[in-house]
Amino acid sequence: MNKKTIDYTEYAGKILEALPKGILLTTKAGTKTNSMVIGWGTLGTNWGRPVFAVYVRESRFTRQLLDENPAFTINVPLDDIDPRVLSICGSRSGRDMDKLEAAGLTPVAPSVINVPGLKELPITLECRVIYRQPQELPLLDKEIAGRYYPPVSDGQGGETYDTHVTYYGEIVAAYVIEE
Ligand SMILES: Cc1cc2nc3c(=O)[nH]c(=O)nc-3n(C[C@H](O)[C@H](O)[C@H](O)COP(=O)(O)O)c2cc1C
């Protein structure tokens, strides 16, 4: 499979347009590879490096995999995302199933990090996590905090908040996977 190297800035418009409709964040730890849908993300520059930052709730299996292996790929479709991929990767957890197999996604060997890209969502950013930042709810705008972070059960009779962790991924390779 060929990889056409790209300047990620030339694809920024396409990536940011696809993002709110759902793109994939792929992670891998040990033998487990998992993709989840993300609708939030930030493409920009931090510490003088090209960065894609993702926002992952504490409860996600992806959060566990990212903490075990701090690297990820961003996978963007050329056209609209397949509704089946959106449904499986956006509502089921990799804790319970092999989502790549269920969604018909084909891993493609990476170039720099140790997390694969996906043939079916060929625009690929390989990212190495350079900073992770758990959210501090008291610092967040109150209206947003109330809307996105209602109290949830902590499973032990108490309450907690399923906040996001921001993972800042330095973009270390960018390409389009071609047949
Ligand atoms: C359109 C869409 C956008 C989403 N965006 C995010 C996101 O940015 N961050 C997040 O933590 N979950 C997001 N989700 C939810 C996860 O994709 C979903 O909970 C997934 O099943 C988690 O998979 P995992 O447990 O295998 O990590 C989104 C879901 C959809 C359908």
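Which residues are buried in α2? In this predicted model, the buried residues of α2 are T62, L65 and L66. Seen down the helix axis, these residues fall within an arc of 100 degrees, so they line one face of α2.

In total, 18 residues surround the ligand, and the closest are G39, T62, G90, S93 and G94. T62, one of these closest residues, is also one of the buried residues of α2. The largest share of the shell, four residues, is supplied by β3. When the shell is divided by class, seven residues are nonpolar, eight are polar and three are charged.

Attention was next given to the nonpolar interior. In soluble globular proteins, nonpolar side chains tend to be buried together. In the present model, the largest nonpolar core has 33 residues. The residues with the most contacts inside this core are L24, L25 and I74. When neighbours within four places in sequence are left aside, I74 is in contact with I23, L25, F52, L125 and C127.

F52, one of these contacts of I74, belongs to strand β5, where it stands opposite L43. Strand β4 (residues 42-46) runs antiparallel to β5, and five bridges join the two. These strands form a hairpin with two residues between them. W47 is found in the loop between β4 and β5, and its phi is near 50 degrees, a positive value in a residue other than glycine. W47 counts as exposed because it has 9 C-beta neighbours inside 10 Å, and a residue is classed as exposed if the number is 12 or fewer.

Strand β5 is also paired with β12 (residues 164-178): the two run antiparallel and are joined by seven bridges. Within this pairing, Y55 stands opposite T166 in β12.

A further position examined was A145, which lies in helix α5 (residues 142-148). Because 16 other C-beta atoms lie within 10 Å of its own, A145 is partly exposed; this class falls between the limit for exposed residues, 12 or fewer, and that for buried residues, 20 or more. Not counting residues up to four places away in sequence, A145 touches L137 and L140. A145 and T163 are 18 residues apart in sequence, and their C-alpha atoms are 9.3 Å apart in space.

Terms used: Residues numbered from 1 in each chain as written. Predicted model: local features only at pLDDT ≥ 70, side-chain atom pairs only at ≥ 80, totals over all residues. Near = placed C-beta within 6 Å. Nonpolar A, V, L, I, M, F, W, Y, C, P; charged D, E, K, R; others polar. Core = buried A, V, L, I, M, F, W, Y, C linked by C-beta atoms within 7 Å. Contact = placed C-beta atoms within 7 Å. Pairing = 2+ DSSP bridges. Arc of directions from axis to C-beta.
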